[in-house]
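Please follow the chain through its helices with the sequence and the model side by side.

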Amino acid sequence: MNLMNTTPAASITKTASKQTYYTIRFLVDRERVNDAYRAYGYFRWVDDILDAESITGLERSAFIQKQKSLLEKCYKGETPRDGNIQEKMLIELVQHDHEKYSGLQSYLHNMMQVMDFDARRRDRLISHVELNEYTRWLATAVIECIHYFIGHGEFAPHDETRYLAVSGAHIAHMLRDTFDDMQLGYYNIPREVLEENHIGPEDVQSDAYRAWVKSRVQLAREYFKAGKDYFARVQNPRCRLACFAYIARFEWLLDTVEKEDYRLRPQYDERKSFRTGLLMSVLTLSSVLNYRASDARPQPIFPHSAGK
């Protein structure tokens, strides 16, 4: 029996995202597959709890504070004995982390920042600064996670382009989820844009909102271009493939939003279709062929401290 495919973490991952499940199964370093499922499965559970309409704001705040405390205790060497199945995923992850400045530690702390901010931003407008911080935390978490689990120890540049591709993906992701997020009380457009144009967060089809969407699509495209240049310099071919596939998940969305004159809609169900899957595969292959790996010779990787 293949235990890596029957763990609770693997089951959570497969149910939530088959693309993530198979990316982990086939591209992650063999010895880190189970931990990769734990890393995704734990935060999938946290996110689902925070999005639940059945809990109050106070309960939501108490929950995320408990998770933050659990993470800190784990890195102090304390081992809580009363954790549930999902919390044990986090406990085991930290127990397996023996590096002082690991990508895993950066991932866990930055993703916890993302979850904490989601808990606090519900039912309120956010500023430009907050939105940028939110994206920075998410981008740092995802990239450090990718490099920790795929091609660990191999060369990957540490420069200003390291987090741009995921920043672009986060921009596209928030545009895609605009209507769903509004129903939950999350508003993905900065307060300053709304106030300057005298519109509300629900005025998605207004000219001012569409102009803002256009600016975000253009920014995401710029980030994707720079991100592809970055990934081309990453040494590990599995990592390059995973990252180009990650970008392709959102490039089709930007194309769709552009074609529809920047009018967002509640659902983009075609992302699950065979046709869109084929398009993503073509975009991924195109990126792999057009952005051949540079002569990425191994260089010292300096500790990244963004997660603390």
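In this predicted model, the cover over the buried residues of helix H2 includes helix H1 (8-16), helix H3 (33-51) and helix H12 (237-259). The residues of H2 (residues 18-27) that are buried in this way are Thr20, Tyr21, Ile24 and Leu27.

Helix H12, which takes part in covering H2, also packs with helix H11 (residues 207-232), and the axes of H11 and H12 come within 10 Å and cross at roughly 160 degrees. Because an angle over 145 degrees counts as roughly antiparallel, H11 is roughly antiparallel to H12. The crossing in which H11 passes H12 is left-handed. On the side of H11 the contact is made by Val213, Val217, Ala220, Arg221, Phe224, Lys228, Phe231 and Ala232, while H12 contributes Arg240, Cys243, Phe244, Ile247, Phe250, Glu251, Leu254, Asp255, Val257 and Glu258. Sorted by class, the residues of this contact of H11 with H12 comprise twelve nonpolar and six charged residues, with no polar ones.

A second helix pair can be read in the same terms, since two packed helices are described by the angle between their axes and the distance between the axes. Helix H7 (residues 128-149) packs with helix H8 (residues 164-176) at an angle of about 120 degrees, and their axes are 8 Å apart. An angle of 65 to 115 degrees would count as roughly perpendicular and one over 145 as roughly antiparallel; H7 and H8 are therefore oblique to each other. Here the crossing, in which H7 passes H8, is right-handed. Leu131, Tyr134, Thr135, Leu138, Ala139, Val142 and Ile143 of H7 make the contact with Val166, Ser167, His170 and Met174 of H8. The contact of H7 with H8 is made up, by class, of eight nonpolar and three polar residues, and no charged residue belongs to it.

His109 has its place in helix H6 (residues 103-121). Is His109 buried or exposed? With a relative accessible area of 8%, His109 is buried, because the cut-off for a buried residue is under 20%.

Conventions
Residues numbered from 1 in each chain as written. Predicted model: local features only at pLDDT ≥ 70, side-chain atom pairs only at ≥ 80, totals over all residues. Heavy atoms only, no water. Axes fitted to C-alpha atoms, helices over the stretch in contact; angles between N-to-C directions. Helix = DSSP H or I, 4+ residues; strand = E, 2+ residues; numbered from the N terminus. Parallel < 35°, antiparallel > 145°, perpendicular 65-115°, else oblique. Left-handed = near helix turned anticlockwise from the far one by under 90°. Contact = heavy atoms within 4.5 Å. Nonpolar A, V, L, I, M, F, W, Y, C, P; charged D, E, K, R; others polar. Buried < 20%, exposed > 50% of the residue type's maximum accessible area, 1.4 Å probe, protein only.
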